[in-house]
Amino acid sequence: MIVIAQKRVALLPPDVAYAERLFALIDDSRETLRTWLPWVDAARSAEDSRQFLAGVAEGARSGSACASWLIGLDGELAGCIDIHGISKLHRSGFLGYWLADRFVGRGVMGEAAAQALDAGFGALELNRIAILAGVENVRSRAVAERLGFIREGAQREGLHLHGRYHDACQYSMLAGEWRARR
Ligand SMILES: CC(C)(COP(=O)(O)OP(=O)(O)OC[C@H]1O[C@@H](n2cnc3c(N)ncnc32)[C@H](O)[C@@H]1OP(=O)(O)O)[C@@H](O)C(=O)NCCC(=O)NCCS
């Protein structure tokens, strides 16, 4: 049995041992998740989740442009969070996240994102972390705004999902701003 840290919200390193539980989580919430996450339709089996986890675990070892964590809540797997598009040159990256339906509306992502930002501005030594959220993705934009991200503007048709373009809000947080808030 896999034991997830007993803290309320914990970021867990990706491990293929979570593949079946991760796939079940995605499968249960796929209708909600696919609205804003383009990879959901391609996640069709636990083997797809195993390959995803193996890839991010290998990326973590080899210092890839993406740092990913599973989100644990009181012993259950709740979702995922990552910092992707990391530029070591510019010391910047993008925060991405999702929660299974039954964990939404409980403040889980606010806490998980705070921990990911601590890692991004800490061990990963980033100076800037951005969030790109569809203008109509009200819940994701609220996560960014509650954390104190600054809205920089809108990308016109910055997202292409299910055959439709969506304008996207770009937010950012700088290392000094995050330290001042913590
Ligand atoms: C985006 C997403 C992660 C937001 O989840 P969320 O649960 O709304 O975000 P938070 O963890 O910040 O929780 C805030 C909510 O919890 C409530 N809450 C309850 N207890 C809380 C607590 N102790 N602390 C903070 N908030 C709490 C807040 O009131 C708020 O609810 P409300 O918006 O209904 O008022 C989720 O909607 C999701 O996974 N969406 C699909 C994927 C997606 O769009 N990803 C982002 C792509 S850019």
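In what order do the seven strands of the open sheet stand? Let's walk through this predicted model view by view.

View 1. The seven strands line up as S1-S2-S3-S4-S5-S7-S6, and their pairing is mixed. Strand S1 (9–12) and strand S6 (150–161) take the edge positions; each has a single partner strand, so one side of each is left without a neighbour in the sheet. On average, neighbouring strands here are turned by 30° against each other, direction ignored.

**View 2. The pairing of S6 with S7.** Look here for strand S7 (residues 164–174), which runs antiparallel to S6 and is joined to S6 by eight bridges.

**View 3. Helix H5 across two strands.** Helix H5 (residues 138–147) lies across S5 and S7. Relative to S5, H5 runs at about 150°.

**View 4. The shell around the ligand.** Here 21 residues surround the ligand, and the closest are Trp-36, Gly-107, Met-109, Gly-110 and Arg-139. At least two shell residues come from each of helix H2 (30–33), S4, H4 and H5. H5 gives the largest share, five residues. Sorted by class, the shell has twelve nonpolar, six polar and three charged residues.

Notes
Residues numbered from 1 in each chain as written. Predicted model: local features only at pLDDT ≥ 70, side-chain atom pairs only at ≥ 80, totals over all residues. Pairing = 2+ DSSP bridges. Helix = DSSP H or I, 4+ residues; strand = E, 2+ residues; numbered from the N terminus. Axes fitted to C-alpha atoms, helices over the stretch in contact; angles between N-to-C directions. Contact = placed C-beta atoms within 7 Å. Near = placed C-beta within 6 Å. Nonpolar A, V, L, I, M, F, W, Y, C, P; charged D, E, K, R; others polar.
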